[in-house]
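Biologist: Please take me through this model by question and answer, and give the cut-off behind each term as you use it.

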Amino acid sequence: MKKPYDAHEIIYQRMKKKGISVWGQKGSGSTGKSCHPETNNFLKDVLSQPWVPKSGRVIELGCGTGPILRRVCKRGFSGVGIDVSRTAIAMAKEQSKGLDIKFRQGDVCNLNTKAIGKFDVVIDGLCLHCITDVRDRKAYLDNVLKILKDNGLFILNTMCGPMDRKRLSEACKGHKIIKKVVYVPFEDDSYGSLSSFGGKSYLPTRYISHWKDILSEVRKAGFEVKLMRYKANNSKDFCGTLTVGALKWN
Ligand SMILES: C[S@@+](CC[C@H](N)C(=O)[O-])C[C@H]1O[C@@H](n2cnc3c(N)ncnc32)[C@H](O)[C@@H]1O
């Protein structure tokens, strides 16, 4: 049975067909392969901190087509990118030719951490909010801890609450929010984690926790939060964003 995260493959197949290179870009024929300007700012902010490793090995979990890794690896890191979507990984390889980055398909909640090895920096560029099952979130953060070197840096950029539920229901018609989870209407029997509301099938797609709860989750998982930036939702978004730079507790 497929897990909800496997549905990202559908989105990357659509992106590839439309010629869209990077997650979040809109419209057809878009060829930019760089990070979103907001992501770029957060990377600049975290990586300029004095307690951050300046070179070594970096891994991005949920790397998509690799814009963040390309940005970081141009500063002297060697990189590994993992994503659940095969199409994203194929696009990432194509877009990253000539750079010291390896891409592999995999589920970040179920990693062979021994085979992957240890990293100076682990990046989550908008993946954690895709992990909707509480046990999977724990398994995922445990994996981050296992692959991080002592004093290694965990960079997290995630959607967070408080949420504007009215704005979400206006912008995304048919979506449902139950507790912290956003569900979209979805019919496909090969997925094991569909929920049924009012006789209709839904896929859990986003877990939007309050930013304070995410900080607690990260601390509880074994990290010391050294830097955090919280941006509340604005007129365009239904939720905020949280950026964290955290070190592994020794
Ligand atoms: C919002 S996109 C961001 C992609 C990329 N970091 C970027 O900035 O373009 C989230 C990514 O996480 C990946 N993802 C979600 N759940 C995953 C899982 N369980 N294992 C691996 N990748 C996952 C998705 O396929 C998607 O590429």
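Biologist: Where is the place of L126?
Modeller: This is a predicted model in which local features need pLDDT of at least 70 and side-chain atom pairs count only at pLDDT 80 or more, while totals for chains, interfaces and linings use all residues. Residues are numbered from 1 along each chain as its sequence is written, and side-chain values use heavy atoms, with hydrogens and water left out. With helices (H or I, at least four residues) and strands (E, at least two) taken as DSSP runs numbered from the N terminus, L126 sits in the loop between β4 (119-125) and α6.

Biologist: What relative accessible area does L126 have?
Modeller: Most residues other than glycine have a negative phi, whereas phi of L126 is positive, near 75 degrees. Buried means under 20% relative accessible area and exposed over 50%, with partly exposed in between, using a 1.4 Å probe and protein chains only. L126 therefore counts as partly exposed, at 32%.

Biologist: Is K179 buried or exposed?
Modeller: K179 lies in the loop between β6 (176-178) and β7 (181-185), and its phi is likewise positive, near 55 degrees. Its relative accessibility is 71%, so K179 counts as exposed.

Biologist: Which residue does a cis peptide bond join to G161?
Modeller: Most peptide bonds are trans. Here omega is about 5 degrees, and the partner, found in the loop between β5 (148-160) and α7 (165-171), is P162.

Biologist: How much of the accessible area that the ligand has on its own does the protein cover?
Modeller: Counting a polar contact as a pair of N or O atoms within 3.5 Å, a side-chain N or O atom of D83 is 2.7 Å from an oxygen atom of the ligand, and a polar side-chain atom of D107 lies 2.9 Å from a ligand nitrogen. A backbone N or O atom of G62 is also 2.9 Å from a nitrogen atom of the ligand. Of the 590 Å² of accessible area (Shrake-Rupley, 1.4 Å probe) that the ligand has on its own, the protein covers 97%.

Biologist: Which element gives the most to the lining of the second largest pocket?
Modeller: A pocket is an open set of points on a 1 Å grid where a 1.4 Å probe fits, with protein on both sides within 12 Å along at least five of seven lines, and lining residues have an atom within 4 Å of a point. The second largest pocket holds about 210 Å³ of space, and its lining includes R137, K138 and E217. At least two lining residues come from each of α6 (134-147) and α8 (211-220), and the element that gives the most, with five residues, is α6.

Terms used:
Polar contact = N/O pair within 3.5 Å; in protein donor to acceptor, adjacent residues only side chain to side chain. Points joined across faces, edges and corners; volume = space filled by probe spheres on them.
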